[in-house]
Amino acid sequence: MRISVIGCGYLGAVHAAAMASLGHEVVGIEVDAHKAASLSAGNAPFFEPGLPEILREGVASGRLAFSTDMGDAAGAKVHFVCVGTPQKPGEFAADLTQVEQSFTMLLPHLAEGDVVVGKSTVPVGTAEALAVRLTSIGATLIWNPEFLREGFAVQDTLHPDRLVYGLPTDDTGTSTEAGEKARQALDEVYSVTLSEGTPLVVTDYATAQLVKVAANSFLATKISFINAMSELCEVTGADVTRLADAIGYDVRIGRQFLNAGLGFGGGCLPKDIRAFMARAGELGVDQALSFLREVDAINMRRRVRMVDLAREMCNGSIAGLNIAVLGAAFKPLSDDIRDSPALSVAAQMQLQGARVTVTDPQAIDNARRKWPELRFAPTALEAAEGADVVLLATEWAEYRELDPVSLGKVVRERRMLDGRNVLDPTVWRGADWTYRALGRP
Ligand code: UDX
């Protein structure tokens, strides 16, 4: 199948390479010439395990190419729209400029019978409006949200938990003939994945668009729920990690996404719950999502609480102290620093007069560009040199496995703040460290 992928950022680059690895002929269209050139040379412009391999293999096989010219999308049967929908500055709503522009630029290159597949996360109602623009050409829109996690993006694309198709429907809610035809083309694209027994939910546009934001809202709520419990644990002397284990054994609850700590960040959960609230307001049902305001507030409180905890540990002030922050990425296995809790706390500590040194196995370059006022060190041991406090902010495996004795030799004061509840307090206290964490006694 000949495929085009419009927008080769995080989602698009992975999707294009993954589709080529399934045997399709793929062209990725990317407006950023630098990014397109890097991808064409088989180099991933960001860190994602497994991506460099399938990217290089695709380019070498001749099945995968990248271009800055939308005209190169002509001739493809299925066109995936994978552009970003960031939060509008100063507002909760999503900025749909890139989606609008990519449609406008793609339209002249579409042929009758083409299928356009929307993968970007959009406010419900967007697909319906976009579909109208395709009717005169005889092309059909399917909404097919993406659920990939950074760090596992290749695996999540090739072996997703489920596929969701939002098809055009008639007045009775039945999918149209054109919709059914388009569905066959998409089934062909995903034939390998479908043959593995991946569940497929076929529905209408509105449901398909809502599935994505509902899933992300649920995940964000789960994290903020356990972080709210963490606030209770902090004032009662209870241990949130044991509490999470205990409630997580209930299969109706499940242990995943119950890791209390600095909370969620990244390019998806924070902006998606805010855009969802904004959309609910436009639809006149803002009350239905008012709980998400609380989810967001609990999440942001964790960052403030972490700085307070550092002050508590240091007799009321961190001014003039050296603080090592382990982690800059919003989560491990990623170099993404968008809305990173680690960097937000590091910057706040610096504002309060501390000398902050940040380290990260992958995200230092990105972090330095965005936060030039912070200091950076290549390794945990170097960042911790002379530190009065060490804050574990992103739970990379190498930080979880740090040896308290070796680290204890380079710091000035043995104070460990475990922002992700991943260290064993007994081990660290046994090595003469003062250990504090969010939600643990
Ligand atoms: C998320 C969704 O998981 C994915 O399905 C969607 O397509 C995009 O958004 P991602 O942003 O890559 O994926 O990260 P995720 O693994 O969900 O983690 C999000 C944030 O939550 C991270 O900052 C992480 O540290 C935090 N988190 C996660 C917790 O604080 N506690 C947890 O228990 C789990």
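Reader: Which residues of H1 meet which residues in H3?

Author: In this predicted model, Val14, Ala17, Ala18, Ala20 and Ser21 of H1 meet Leu51, Ile54, Leu55, Glu57 and Gly58 of H3. By class, the residues of this contact are seven nonpolar, two polar and one charged.

Reader: How is the geometry of such a pair described?

Author: Two packed helices are described by the angle between their axes and by the distance between those axes. Here H1 (residues 10-21) and H3 (residues 51-61) pack at about 60 degrees, and their axes lie 9 Å apart. H1 is therefore oblique to H3. The crossing of the two helices, H1 and H3, is left-handed.

Reader: How is the chain divided into domains?

Author: The division gives domain 1 (2-198), domain 2 (213-296) and domain 3 (303-437). The centres of domain 1 and domain 2, taken over C-alpha atoms, are separated by 29 Å. Domain 1 gives 10 residues to their contact, and domain 2 gives 10 residues. On the side of domain 1 that touches domain 2, seven residues are nonpolar, two polar and one charged.

Reader: How many residues surround the ligand, and which are the closest?

Author: The ligand is surrounded by 20 residues, of which Glu150, Asn259, Phe264, Gly266 and Cys268 are the closest. The shell comprises 10 nonpolar, six polar and four charged residues.

Reader: Where does the shell come from?

Author: Domain 1 (2-198) and domain 2 (213-296) each supply at least three residues to the shell around the ligand. Helix H9 (residues 205-236) provides the largest share, three residues.

Conventions
Residues are numbered from 1 along each chain as its sequence is written. This is a predicted model: local features need pLDDT of at least 70, side-chain atom pairs count only at pLDDT 80 or more; totals for chains, interfaces and linings use all residues. Axes are lines fitted to C-alpha atoms, for helices over the stretch in contact, and angles run from 0 to 180 degrees between N-to-C directions. Helices (H or I, at least four residues) and strands (E, at least two) are DSSP runs, numbered from the N terminus. Angles under 35 degrees count as roughly parallel, over 145 as roughly antiparallel, 65 to 115 as roughly perpendicular and the rest as oblique. A crossing is left-handed if the near helix is turned anticlockwise from the far one by less than a right angle, and right-handed if clockwise. Two residues are in contact if their C-beta atoms, placed from the backbone, lie within 7 Å. Ala, Val, Leu, Ile, Met, Phe, Trp, Tyr, Cys and Pro count as nonpolar, Asp, Glu, Lys and Arg as charged, and the others, Gly among them, as polar. A residue is near a molecule or strand if its C-beta atom, placed from the backbone, lies within 6 Å of it. Domain bounds come from an automatic or database domain assignment.
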